[in-house]
Amino acid sequence: MDVSVIGSSQAKLGASELANREHGFCNLKNNFRVLNDRVSFNRHIRWKKAGLSFTLRALQTEPVEEEKKRSGSGTRSKTVDGVRLFVGLPLDAVSYDCNSINHARAIAAGLKALKLLGVEGVELPIWWGIVEKDAIGKYNWSGYLDIAEMVQKVGLKLHVTLCFHGSKKPNVPLPKWVSQIGEFQPSIYFTDKSGQHYKECLSMAVDNLPVLDGKTPVQVYQSFCESFKSSFSPFMGSTITSISMGLGPEGKLCYPSHHRLPSDGKTQGAGEFQCYDKNMLSILKQHAEASGNPLWGLGGPHDAPTYDQFPYSNGFFTDGGSWESTYGDFFLSWYSNQLITHGNNLLSLASATFGDSGVTIHGKIPLMHSWYGTRSHPSELTAGFYNTASRDGYEPVAEMFARNSCKMILPGMDLSDANQPKENHSSPELLLAQIMAACKKHGVRVSGQNSSESGVPGGFEQIKKNLSGENVLDLFTYHRMGASFFSPEHFPSFTEFVRSLKQPELHSDDLPTEEEEGAESAVMSHESSVTMQAA
Amino acid sequence: MSTTVASETLFPLRPRGFPFPRHKTIPFRPFFLTCSSNLNYASFVSHQPRETLSPALAASLADTPILHSLQFPQTITNTFQINRTESVSTFSPYIYICIARCITVEGKIFVRLDLGKNLRDRKLTVSCNIPGKWILHWGVTYVNDVGREWDQPPCDMIPPGSVPIKEYAMETPLKKSEGDTLQEVRIDLKANNGISAINFVLKDEETGTWYKNNGRDFKVSFVNSVKAGLDTNIIGPKRGFDLWPGNLGQISEMFLKSRADKDVTSESRVSKQEKNQPEGFYEEVSITKKVLVNNSISVSTKKCFESGGVKDLIHFETDLPGEVVLHWGVCRDDSRKWEVPPPPHPPGTVLFKDRALRTQLRPRDGGKGSSAIITLEEEFSGFIFVLKQNENTWFKYMGNDFYIPLSSPNVLLDVGNIEDHSAGVQGEVIKEASKETSFFAFADTIANDIRNLITENPSEKCQKTKSKKPQQSIFQEIERLAAEAYNIFRSSIPTFSETTTAEPEATIVEPETAMAEPQATTILEPETAMAEPQATTILEPETIVRETWTTTIVVPEASVELEKLSLGPKICSGTGTGYEILCQGFNWDSHKSGRWYMELKEVASQLASLGFTVVWLPPPTESVSPEGYMPKDLYNLSSRYGNIDELKDLVKRFHEVGIKVLGDAVLNHRCAHYQNRNGVWNIFGGHLNWDDSAVVADDPHFQGKGNKSSGDNFHAAPNIDHSQEFVREDLKEWLCWLSTGCQRLVCVGYILSVQEMSEKINTWERGLLCALFKMKEVGYDGWRLDFVRGFWGGYVKEYIDASEPYFAVGEFWDSLSYASGETDHNQDAHRQRIVDWIGATNGTAGAFDVTTKGILHYAIEKCEYWRLSDEMGKPPGVVGWWPSRSVTFIENHDTGSTQGHWRFPCGEEMQGYAYILTHPGTPSVFYDHIFSHYKSEIETLISIRKRNKIHCRSTVQISKAEKDVYAAIIDEKVAMKIGPGDFEPPSGSQNWLLAIEGKHYKIWEAS
């Protein structure tokens, strides 16, 4: 079997094609030679090796991956060549109003460009508010199916993000029927101390309450996932390789503690605890009573600051403040456990639903890097991560991900400490390192994302730095396709970035290291059997 | 979704912008070439340059015959066409110069009369030694027939292969004989058939040109006719025969009608060498035939890296025959001062007076044409040249030198910031390119490679490509795709903003633009605040005039009310009431019966019951062509469709049944009555007896003395110069007369009396006089304006203001944009031109939505229904930008009928009607379709439109625009889909009931 000519990022495609089209294989090789050569800018590439390792990666399943790690580490240092690159499709790829593809031609052109660049796949946000817009259980996947087909035709992979939240930009609210329920029953939303509702996401307190036409949100999410699975069954495991489960506000596992933007647009306040909806309060009350301190269950911390207030402006987050008290520990433990329980609910649902579909499940957590340099870490605490100078709040989160065999999506890979406002005591780099260490400890793979659509200065450098370290990253999703992505100011640097991701690998390939041959052939024989199995 | 990579293989001609082809082209400078040879006349035809000209298109333009004049003897014409394509890249302009030259071929017509064996029998031989397809057009004069000079010959005289022409002539092709060059025809004359003379002219079938004897027919008379004393005009009666001038009448009429592609004029001199033979006869007539020869010169420049430096490579190629010498130099700045570049010079170069170089172009392989390559250091800003062919012919640019700007540092600066972004990528690429000057030879293969990559359809070709070349082109492809995506994303208004009112900021007219387009902004109608469209001008990405809605209607009931209020009583000539449905009441053959007005009258009530509100009648005036589009005397309303009384009767009938009537006003051109001193037909008769100052100056065939045309020329007839005030006044008067009739009578009467005093009153005028004295008005309600591309829309505004029509629509028909044989998805430029024209009329006239028709063609033919949504999610035609002024149609007398210039996909007409009859704009239904098997379907569609009160400003919400299906919801009341794909309207608040279903279309109504 001639696998020698398969090129880098397309190897996966070739291999999976093999399953369906044996005959296509040898034909493909010529194309891939061209493609790989283009991407790498390297004449002396040794196809054999690159092709094999990539084929493997593409088809990896958990046990194989473990083996690969072992065998691979001996022969070559692990470099960023292992990172598969995805690009996010526009948030409004499917229009809210008519369920058709927005700027389809632009997306088609963009997909081709990405394919030619050697990008592995694209990320597609699928909105609950669009698909199940009009009535419970009435799904319209047509626009998204069209996109999946486009993506499949171009030969890219698809990472689907299931968005169970609403958004202002683009304007995609929660499903109409959910909003209607919310009008009469605002307690299904998160609520802050002043009683304001956050209407872009259901409160995690109602997860298992039959508030949606007699069904619990978890049941509704499950039906949604099942409908998705059956509707996209032709793509599952082939084009669609991974799915992100929406876990909360903006899809992330957190409380909407920072949904009010800072007034000066820069310095973030401490954020605000979001435990004031009726159901959340009643859970808190039960919990307080069970723990023997019924008075602690009457509300949230009285001395916590509001959204954009300076964290030390009230007593809760100051050094030696309430957060360090027994009450503080009681509340923060409960508050963060609620979040983890919620995450567990949804991720186990996703694992159960998609476990046999050949896709990996992802969940996203926020990178609450403001105030990381303080002892109390106010931003993380209000968001639901009980992570302080004296307590690792991410270990239980990582453990929860590991329990559900899910991968973690971490945004903010483009942020560097140097570019953060000093007064915020912010440190995205340290926080990332902490979370990734927790993940590594629990064997959770991490997918990276950049923080924002508009480029952060030095963002690509920072991403490269994050990707090249000895870490648990194996996938990076770059956000997000759109006008600025393809603008002359941005796109060339993106292509440069993509090229540079491939470059180091080629340097090592250039070296005529004869002694590697033996190891390689061993790998090859092993891997071709894997390929055969997969086929 | 389209899965193929749209990578045209046109790299040599369309160097792709790298890395971002911003379409910032260097403004086109019109080039005119004069040919300062011994030719006595030169004319110029300037074609609109196309920025992205595919080679195929360039070639077809080059082949386009340019000269049409047939009323233009003894003139040699040279026409040059320059198409210049440019794009911003490292490869700079590509100039393609088309030279159309007249070459004179001299030859002779031989006429010989031989005696047969029987002395009474004769044999007439006519031959010609110029190659071509010659036809003898001939007739006979009978001895006893006094009145007629032309008659059909008796059967036994007619050679095989002859074709009778009406009752008076015969056409017999000349056949080759006696070697290669000579063609001849032989006619046997029997003594006893009573023929006194044979008349003939020679016709060149390829060009349709007639060859005569000093402008007259040839005539061969026979002795016996002289004896009979019937013909006293024969010169040299003793010899019994001669050539003599005959009657011009019939021939000149044909002469007028024939539309020759090439201009061939004849110049013949009779050299009479009469021979004193009693019975035999031999005559030679010299003729010259002017043959139009198309040649081209192409000049391309590109940057190259050679021996370490950047060089400009200039490539000349021409198919001009003979020796062509390039007389050239360079210049350093804009002063265009000739300078001789330092050597090395191309082989065959000599220095000319220390000021210029002369390079002889080298014959190309294969012997046809010649070429040269010149390499220059990069330091020069421009390249100057003239071309010299043979000894006396120079090719220049408007009497000046040609100037080709070479990419100066300034120009590079323009694109510099683009290149910077991908410096790493590009640096490598350029170096690669420089090593291989024939880089583009790879382009085709590469394009295939890319395509194969995407479609995973490998071909064997890709094995041959060298590794580095594809890299570059794939990067180019990536950049191109990215640029495409960028442009679309950038121009898209995100749909999520819909809940708020449609972002007024986005459509606010910038002050400068408003100044530049005053008409566009004054279209605002009083009701604008509620539901009226507003014309605005948007600068980005290009200046467009379009209609946007200031408010989105949220509550359907309320909006209907408001629309009724605002649209009901309001009549605008561009829109009528807004609820019009137009019927084109004729086809290309309607003139044939001679009584079309009467026939149409029979179906008037039927048209009314079908739901039509406006009918468009054919041109009513006297016309050189029976269809009416070559008008002669505008006040003569006798046409092949009927006379003025029948017309008025018909109009009256339509008014009775509640249908408004549009007159087809041909204002662009008018056929002349008389020739000027040069024999050119440009003097008008009839009531509007204009002279040649009413004819535009820039069509040389008609020697107009007016101003230059304000639009495109229609070459078959003199184009009217609308910039002349007297012309406009006359036309306004005419339009008023057509619509209301009597108010101008006094004036007309006066002028007619003046006419009377002048030399003649022809029957037409008599008829007109009678008609006028009856003092009845024609009573048109509005206009369909023919060929409005030919003159400025501002004049149309004047005419409409003067004639105050109920409805007006202009025919602004030009070509859609095609890229490599396929229509572009984006036809914005095309609809922009139409919208611009409507804007120029100040919105007083609508325009036929040619764009929509074109896109429907492609959507249906290629099953690419995604084309029916533009980048903004609106209809892609004029109807998407200015629906109230868009008259949508799928077929008319030109595109369909028996002409079929641009026929709608056959059998799919109902898909077209399902589209236009449900969408905004004013739909126009073609007569042929109404009275066909589609009738009941069309009737149902019209009734759906009426029932749901869809009007010209209805809102369209496109639900699907995919490969095989297009679906939309109009005014939230009607849902429709066309195409083979599936669609069901979303069941939300509305309940949809299927109203009609036909081949590949479905329409629902909300209940």
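User: Which residues does A:Cys98 touch, not counting residues up to four places away in sequence?

Analyst: The model is a predicted one. In it, A:Cys98 touches B:Ile958 and B:Ser959, with residues up to four places away in sequence left out of the count. A:Cys98 itself lies in the loop between strand 1 (84-88) and helix 5 of chain A. A:Cys98 and A:Ile130 are 32 residues apart in sequence, and their C-alpha atoms are 9.0 Å apart in space.

User: Why does A:Cys98 count as partly exposed?

Analyst: The relative accessibility of A:Cys98 is 21%. Buried would require under 20%, and exposed over 50%. The value of 21% falls in between, and A:Cys98 therefore counts as partly exposed.

User: What makes helix 5 of chain A and helix 7 of chain A roughly parallel to each other?

Analyst: The axes of helix 5 (residues 104-117) and helix 7 (residues 142-154), both of chain A, come within 10 Å and cross at roughly 30°. Angles under 35 degrees count as roughly parallel, so the term applies to helix 5 and helix 7 of chain A. Helix 5 of chain A passes helix 7 of chain A in a right-handed crossing.

User: Which residues of helix 5 of chain A meet helix 7 of chain A?

Analyst: On the side of helix 5 of chain A, they are A:Ala104, A:Ile107, A:Ala108, A:Leu111, A:Lys112 and A:Lys115. They meet A:Met150, A:Val151 and A:Val154 in helix 7 of chain A. The residues of this contact divide into 7 nonpolar, no polar and 2 charged. Lys counts as charged, and among the residues listed are A:Lys112 and A:Lys115.

User: What makes strand 27 and strand 28 of chain B a pair?

Analyst: Two strands pair if at least two bridges are found between them. Strand 27 (residues 614-616) and strand 28 of chain B are joined by 3 bridges and run parallel, so they meet that condition. The bridge partner of B:Val615 is B:Val661, in strand 28 of chain B. Strand 28 (residues 660-665) of chain B is mostly covered, with 5 of its 6 residues buried.

User: How many bridges join strand 35 to strand 36 of chain B?

Analyst: Strand 35 (residues 846-848) and strand 36 (residues 886-889) of chain B run parallel and are joined by 2 bridges. The cut-off is at least two, so these strands also pair. B:Ala847 has B:Ser886 in strand 36 of chain B as its bridge partner.

User: In which order do the strands of chain B close into a barrel?

Analyst: The 8 strands close in the order 26-27-28-31-32-35-36-37, with parallel pairing. On average, neighbouring strands of this sheet are turned by 25° against each other, direction ignored.

Definitions and conventions. Residues are numbered from 1 along each chain as its sequence is written. Chains are lettered from A and ligands numbered from 1 in the order in which they are written. This is a predicted model: local features need pLDDT of at least 70, side-chain atom pairs count only at pLDDT 80 or more; totals for chains, interfaces and linings use all residues. Side-chain values use heavy atoms; hydrogens and water are left out. Axes are lines fitted to C-alpha atoms, for helices over the stretch in contact, and angles run from 0 to 180 degrees between N-to-C directions. Helices (H or I, at least four residues) and strands (E, at least two) are DSSP runs, numbered from the N terminus. Angles under 35 degrees count as roughly parallel, over 145 as roughly antiparallel, 65 to 115 as roughly perpendicular and the rest as oblique. A crossing is left-handed if the near helix is turned anticlockwise from the far one by less than a right angle, and right-handed if clockwise. Contact means heavy atoms within 4.5 Å. Buried means under 20% relative accessible area, exposed over 50%, partly exposed in between (1.4 Å probe, protein chains only).
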